[in-house]
Amino acid sequence: MTRRTARILVGVAIVFGVGGFAAYRSSWVRSLFGREAENAAEMARLTDTKLEVFPVSTFADWPQWRGPFRDGRAPAGSFRTDWEANPPKRLWSAPCGGGYSSFAVVDGRLYTQDYDNGSERVLCLEAATGKLLWDYHYPADYSSFKSGYASGPRATPTVVGNRVYAVGAVGKFLCLDMPKESGAPPLVRWEHDLTKEFDAAPPRWGVACSPLIEGELAIVQPGGKGGSVAAFDVSSGKLKWKTGTNPAGYSSPIAATVSGQRLIYALAGDALLCIRAADGELLDKYPWTTQYDANIATPIVVDDYVFISSAYSKGCALLRVQPAGDRMKLQEVYARSNRVLRSHHSTAVFRDGFLYGFDGTKRTLPQCVDLRKGTAVPDWGDGTRLESATAILADKHLIALTETGDLWLIEARPDEFNPVAMLRSVVKGSELWALPVLAGGRLYLRGSREIVCFDVHGGD
């Protein structure tokens, strides 16, 4: 234990009293005991691993949180980068209510969620013009939020076929059938109240998991005593399985195949869970405790590895998933306590052996991490602060939006930090945390009260 940690603990004991401190079991105290670890054998193995990922999607759609493969990579397509000489052209803007929900773009339609006048809404707009095609709204009481950031939904809708799956900030999980006629409202196919049905305490800043569709399963993270992760039949809404009792964080589940098995990784409020998709069997878990249960970034899957990262003085870790009899084991490769990369609400993206993200210390610092070594590339970012930015990867570039509406284009290369362009205040507002989306040559951004679409198509 360091002297600094000891002084903090003494201070906590004084404030709460000896008895109160003994009973004080918050994640803040537990998260003080971060750990440094490195498995020499696993590090050596990683050196020779190719670290393969799926090829970039050739379809123009962006159907869910973080894109086609849930990894923050834009679909393949023509994309111009001469923003200084030829800035993105503003095509349209459309009003919206509050929230941090990003977008799904499928078959020429854009989907998102917002909050206005005491109701949460699922919206469908024409992607080319911003015209509102339909919306579905329902009452949502935000008074249970313990502190701030109650502007609206956090999660992003998932669109598969003619159905939209959406989770609101108070835990309403909806499956909507799209209307067959123009101008008609959608139909509720099924719905669940995640907080009530799974005995879940609403997270301090609202339910934030974006639905994962895995075959015939719709998977979410209620984070309750009655189930930390749950899967429902996509058609009927019937509960197929539930697992764990871990509290909710703010992350979203992701699927992967390891040794022929489909797995679900879910970063809960205090651990990474590895779950068999077929039946919900909890195969292994990796403790990951953070202040306020604020595990927000989505796990990053690269080959048989999974990378997690959290802010609030936590750090990052890389794990290898390996068969262990009829189960799977999360084998720690390395853990970096309170350094290298501390992702706040923005998840990093992976390209050619390196992660590009933002370190959530004070104001957000751009960071490039050598995944094999678990080290940050020295001086990458040049100390530039991007004000709580979120970013996607478009071919060889990062497209990043800051919380104050500045838009950056940065080369994704480890040898040099090269901001290609920076455009001031392209969208208006504050706390602009919705992930940018690039689909079909159009860039979609969200302000406090508007959705804005830009043309960045490079021509054929």
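1. Two strands count as paired if DSSP finds at least two bridges between them. On that basis strand E7 (158-160) and strand E8 (residues 163-167) are paired, with 3 bridges joining E7 to E8 in an antiparallel run. The model under discussion is a predicted one.

2. On to the next hairpin. E8 also pairs with strand E9 (residues 172-177), in the antiparallel sense and over 5 bridges. Here valine 167 is set opposite phenylalanine 173 in E9. Between E8 and E9 the hairpin has 4 residues, and its glycine 171 has a positive phi near 100°.

3. How much of E8 is buried? With burial set at under 20% relative accessible area, 5 of the 5 residues of E8 qualify, so the strand is largely enclosed by the rest of the structure. Arg163, Tyr165 and Val167 point one way from E8, while Val164 and Ala166 point the other way, and all are buried. The charged residue Arg163 is thus listed among the buried side chains of E8.

4. The largest pocket holds about 620 Å³ of space. It is lined by 31 residues, and those closest to its centre are Phe54, Phe69, Ile254, Ala255 and Val301. The elements that give two or more residues to this lining are strands E7 (158-160), E11 (212-214), E15 (254-258), E19 (300-302) and E23 (349-351). E15 gives the most, with 4 residues. By residue class, the lining divides into 19 nonpolar, 3 polar and 9 charged. For anyone setting up a calculation on this pocket, note that the lining includes those 9 charged residues.

5. E19 also belongs to an open sheet of 5 strands, in the order E1-E22-E21-E20-E19, with antiparallel pairing. Its edge strands are E1 (37-38) and E19, each of which pairs on one side only. Within this sheet, E20 (residues 305-310) and E21 (residues 315-324) pair in the antiparallel sense over 6 bridges. Isoleucine 308 stands opposite alanine 317 in E21.

6. A second open sheet has 4 strands in the order E27-E28-E29-E30, and its pairing is antiparallel. E27 (390-394) and E30 (419-423) are the edge strands, each pairing on one side only. Neighbouring strands of this sheet are turned by 15° against each other on average, direction ignored. E28 (residues 397-401) and E29 (residues 407-411) are joined over 5 bridges in the antiparallel sense, and isoleucine 399 stands opposite leucine 409 in E29.

7. Which residues of helix H3 (residues 40-47) are buried? They are Glu42, Met43 and Leu46. These residues cover an arc of only 100° around the axis, which puts them on the same side of H3. On the other side of H3, Ala40, Ala41 and Thr47 are exposed; exposed here means over 50% relative accessible area.

Technical notes
Residues numbered from 1 in each chain as written. Predicted model: local features only at pLDDT ≥ 70, side-chain atom pairs only at ≥ 80, totals over all residues. Heavy atoms only, no water. 1 Å grid on protein atoms, 1.4 Å probe; cavity = no way out; pocket = protein on both sides within 12 Å on 5 of 7 lines; lining within 4 Å. Points joined across faces, edges and corners; volume = space filled by probe spheres on them. Axes fitted to C-alpha atoms, helices over the stretch in contact; angles between N-to-C directions. Buried < 20%, exposed > 50% of the residue type's maximum accessible area, 1.4 Å probe, protein only. Arc of directions from axis to C-beta.
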